[in-house]
Amino acid sequence: MAKSSAIPGLRKLAKLYGIQTAYYDTSHQRQTASVAALMAMLKSLGAPIVNHHDIAAARQDRQRTLGQRWLEPVNVVWERELSLIPICLPCSTNHNTLKCYLKLETGENKSWESAESHLPTLKSMEIDGKQYIVNQLSLPSHLPWGYHQLTVEMAGKQAATLIISAPRKAYYPSPESVRNWGVFIPLYALRTKESWGSGEFSAMAQLADWVDSMGGNTLATLPLLPIFLDERAAPSPYRPISRLLWNELYLSINEIPELQGCPSARSLLASLSFKEQIVAARNMPLVDYKKQRSLKRPVLAELCKCFYNQQTRRFDDFQRYIKENPVVEDYARFQATSEKCGTTWPSWPVRLRDGNIQAGDYDNDDKRYHMYVQWLAHEQMQNLLEKTGQKGQQLYLDLPSGVHPDGYDVWRERNSFVINASVGAPPDIIFTRGQNWLFPPPHPVKTREEGYKYIIAYLRHHLKHTDILRIDHVMGLHRLYCIPEGLDASQGVYINYRADELYAILALESHRHKTIIVGEDLGTVPDYIRPKMNKHGLRHLFVMHYELISNPQNRLSPPAANSVASLNTHDMAPFAALWRGQDIQERVKLGILDEESAPKELSTLRKIKKSLLTLLHEGGWLNSANLDIKDILTACLAYLAGSKAWLMLVNLEDLWLETAPQNIPSTETEYPNWRRQARYSLEEFCQMPRVIDNMRLINKIRKGDINALRKQP
C-alpha cells in the first residue's frame with residue numbers, strides 16, 4: 001500500500017485540513033496513513049481534489065483561504081484572563097483604523113476603535129507574494145460569560161467571529177470532599193411488575209425511592225435518546241436518531257394525564273388479548289423493540305386523538321412547549337415523512353432529502369403523534385428530575401459521541417457531519433482489525449463556521465434534564481479516528497478538532513445548568529488528554545478491571561478524588577463473568593478472540609486475580625481464607641467505597657452475580673446487544689439479602705465507617 005510520503009504535498013495538504021498523517025498505536029508503533037486513506041478523507045472534508053494531480057493547487061487554495069481571513073470563525077476568551085484574540089491583516093504602509101463592534105449575547109452593543117499600527121505583532125507571513133501580519137486585538141475586559149458576535153471593519157472590508165467567553169473549569173459544587181454513591185442499570189433492562197417488556201421513566205423513579213432508602217444518592221443509566229423502533233430497529237443507545245429528543249419507548253402509559261379521559265385508550269388497555277401481550281412481553285428475557293412499539297403506539301395514538309379533540313388546559317402547555325422548542329415539530333415532520341415514505345431519508349426524493357418537507361408529504365396525524373409523545377417524554381423526564389432533586393439525589397445521564405447516519409440529526413444538520421466517513425478505533429490487541437462504530441464524525445470545519453450551534457443544542461437538551469453528564473469517548477473533543485467510506489477499519493486516520501473551543505462550550509453550559517461533567521477516558525488515550533480534563537474540571541472514570549488489566553503485575557493505584565469509580569462498564573462482562581474467565585470463552589465463541597490468544601488472556605487473568613487478592617487481603621478488605629466469589633465481590637465494592645473517589649457507582653447486576661453482558665463491542669448480529677432485560681425485577685432484587693447487605697455496607701463505608709466490613713461476623 002502506498003505511503004503518503006510517496007505523493008508530493010499530500011501530507012502538508014492533509015495537515016491543512018486537520019488530518020493526522022500518522023499516529024502511535026497501543027504498542028507504541030508509528031502507523032503512517034496510506035495515500036488512499038488521506039485522499040478519501042480529504043475529499044470527504046471538501047478538499048477540491050479528484051486525484052494526486054490536484055494536490056498542489058488544492059494546497060495553495062487552502063493556504064490562501066486560511067491565511068487571508070482576518071479572524072478565525074471562533075475565538076475563546078477565558079474568565080480572568082486577558083481578552084486578546086489573533087487578527088491577520090495584510091501588511092500596509094497606511095495607518096488604518098480598525099472599527100470594532102461587539103454584540104453581546106444579551107443584546108448589548110459595544111464599539112471601539114484600534115489603530116492598526118498599535119496592535120501587538122505575533123508573526124508575519126507571505127501568501128501569494130503578499131505580506132500578512134498576525135496581530136493581537138484587545139477586547140473589552142471582564143466580558144460576561146456567553147456567546148458574543150464581534151465584527152471588525154477596516155478600509156471598507158469586514159470580518160466576523162464568534163467569541164466564547166467562558167469559565168476555565170466546568171461546574172462542580174463544593175465541597176470537593178463529598179463522597180457520593182449510587183447505582184447503574186440500563187433503563188431498558190430495568191423491569192418491574194408493571195412494565196411492558198422494557199424499563200420506563202416511572203421505573204427509574206421507583207428505583208430512586210429504593211436507592212434513597214439505602215442511603216445512595218445517584219442513579220446512572222445509558223442514553224435515553226430516540227432510536228429506530230420499526231423494521232429498521234437499531235437498538236444501540238449509542239447510535240440514536242437524534243441527540244435533541246427523547247425515546248418515547250420509555251413513556252409510562254399509566255402516568256399520562258389524558259388516560260383518565262380517553263375511553264378508547266382505556267378500552268384497548270382493558271382488552272384480554274392486549275393484557276396477554278403485555279404479560280408475554282414482560283416475561284421475555286430480551287427486549288423486543290418492535291413489539292414494544294406495536295403495543296405502545298396504538299395506545300399513545302388514541303391518547304393523542306383525545307388530547308387534540310378535547311383540548312383541555314394542558315393543550316396550552318403543549319402549544320407553549322412546541323413554540324419554545326421548534327425542533328420538536330421539525331422532528332415530527334421528519335418522522336411522519338419517514339413513515340409515509342417507508343424508507344430512510346437517503347432514499348427519499350431529492351427535495352425531501354434536502355430538507356424541504358411540505359404538508360402533503362406526510363400524514364398530519366402522524367406528525368401530531370410525534371409532537372405529542374415528545375412532549376410527554378419531556379414531562380416525564382422533568383418529573384423524574386424533580387423527584388430525584390427533592391430527595392437530594394443526582395441523575396447521571398450519558399451523551400453518546402455519535403448518531404445514526406439515517407437519523408434526524410444527520411438529515412437536518414448535514415453540514416455538521418462528514419457524510420462519507422464513520423468513526424471507529426484503530427486496531428489494538430483485543431480488536432486486531434480495528435472498530436467501525438457506524439456513525440459519521442462531526443465536521444471539524446463546518447461546525448466551527450456555524451458557531452457550534454448543533455453541539456450547543458444537544459448539550460443543552462441533556463444538561464437541563466440531568467445533574468451529571470458523562471461525555472462518551474471524551475478523546476473526541478481533541479481528535480477522532482475516522483474511516484473513509486469504502487475502506488476497512490484498519491485504514492482510518494485521525495482528524496483533529498479545536499479542543500479549547502469545545503471545552504469552553506462544555507464549561508459555559510455546565511455552569512449555566514449547574515451540571516457536573518464526566519469524561520469517558522478509558523483505554524489508551526494520548527498523554528495530553530487527562531491533564532486537559534483536569535485543567536477544565538472534567539471528572540475522570542476509574543474502572544477497576546481496566547486499571548488491573550493495563551498493568552496486571554503492578555499494585556493497583558487507588559481511585560483519584562475527582563473520579564467516578566466502578567468495577568466495570570456497560571461495554572464489559574459483569575464481575576462474575578470476568579472473574580471466572582467466561583468473557584474470554586464468549587469472545588472465542590464469537591470469533592472476536594482467536595483460540596491461540598485465549599491462553600495468553602487466561603494467563604493475564606490469573607495475574608490480575610492474584611494481584612487483586614493480595615491487595616484486598618493486605619488492605620483488610622478480604623480477611624477470610626474462603627475465596628468465594630460473593631466475598632471477593634463484596635471486598636472489591638468495599639475497596640472502592642473506601643476510596644476518595646468523588647462518586648462510586650454499583651452495577652446492580654453485579655450484586656446477583658450476573659454473567660451475561662449487556663453489550664459485546666464489535667458484534668452486531670452475533671450477540672443480542674442492548675436487549676437483555678435484568679434477570680430480576682425491581683420488586684425482586686430490592687428484597688434480595690445479598691443485594692441489600694452490599695448496599696448497606698457501601699453506604700456505611702461511604703459515610704465514613706471505614707471499618708464497616710471488618711465489623712461483619
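Two residues are in contact when heavy atoms of theirs lie within 4.5 Å. Keep that in mind for the first stop of this tour. The model is predicted, with local features needing pLDDT of at least 70 and side-chain atom pairs counting only at pLDDT 80 or more, while totals for chains, interfaces and linings use all residues. Residues are numbered from 1 along each chain as its sequence is written, and side-chain values use heavy atoms, with hydrogens and water left out.

**Stop 1: Asp 472**

Select Asp 472, in the loop between β16 (468-471) and β17 (479-484). Helices (H or I, at least four residues) and strands (E, at least two) are DSSP runs, numbered from the N terminus. Is Asp 472 buried or exposed? Asp 472 is buried, with a relative accessible area of 14%; buried means under 20%, exposed over 50% and partly exposed in between, using a 1.4 Å probe and protein chains only.

Now show its surroundings. Leaving aside neighbours within four places in sequence, Asp 472 is in contact with Tyr 238, Asp 398, Leu 399, Pro 400, Ser 401 and Glu 520.

**Stop 2: helix α2**

Next, select residues 35-44, helix α2, where seven of the ten residues are buried. Colour Val 35, Ala 37, Leu 38, Met 39, Met 41, Leu 42 and Ser 44 to see the buried ones. What do they pack against? Their partners are α1 (10-16), α3 (55-68), β14 (421-425), β17 and β18 (493-496). Step just past the helix to Gly 46, which takes a positive phi of about 100°.

**Stop 3: an open sheet**

Strands of a sheet pair through backbone hydrogen bonds, either parallel or antiparallel. Here two strands pair if DSSP finds at least two bridges between them. Display the five strands ordered β3-β10-β9-β5-β6, an open sheet with mixed pairing. At its edges stand β3 (74-78) and β6 (109-115), each with a single partner strand, so one side of each has no neighbour in the sheet. On average, neighbouring strands are turned by 25° against each other, direction ignored; the axes are lines fitted to C-alpha atoms.

Zoom in on β5 (residues 97-103) and β9 (residues 146-154), which pair in the antiparallel sense over five bridges. Pick Tyr 101 and you will find its bridge partner, Thr 151, in β9.

**Stop 4: strand β22**

Strand β11 (residues 180-184) pairs with β22 in the parallel sense over five bridges, and Gly 182 stands opposite Leu 649. Strand β21 (residues 563-566) also pairs with β22 in the parallel sense, over two bridges, with Ala 565 and Met 648 as bridge partners.

**Stop 5: empty spaces**

Rolling a probe the size of a water molecule over the atoms shows where empty space is left. On a 1 Å grid over the protein atoms alone, a cavity is a set of points where a 1.4 Å probe fits but cannot get out, and a pocket is an open set with protein on both sides within 12 Å along at least five of seven lines; lining residues have an atom within 4 Å of a point. Volumes are the space filled by probe spheres set on the points, with grid points joined across faces, edges and corners.

How many cavities of 30 Å³ or more are there? The count comes to eight. The largest cavity holds about 370 Å³. Its lining has 26 residues, and Ile 455, Tyr 458, Gly 476, Leu 477 and Leu 502 lie nearest its centre. Helix α14 (453-463) gives the most to this lining, with four residues.

The second largest cavity has a volume of about 240 Å³. Select Phe 184, Ser 566, Asn 568, Thr 569 and Leu 649, the closest to its centre among 19 lining residues. Strand β22 supplies the largest share of this lining, three residues.

Finish at the second largest pocket, with a volume of about 680 Å³. Of its 34 lining residues, Leu 244, Lys 453, Ile 456, Ala 457 and Arg 460 lie nearest its centre. Helix α14 gives the most here too, with five residues.

Methods
Axes are lines fitted to C-alpha atoms, for helices over the stretch in contact, and angles run from 0 to 180 degrees between N-to-C directions.
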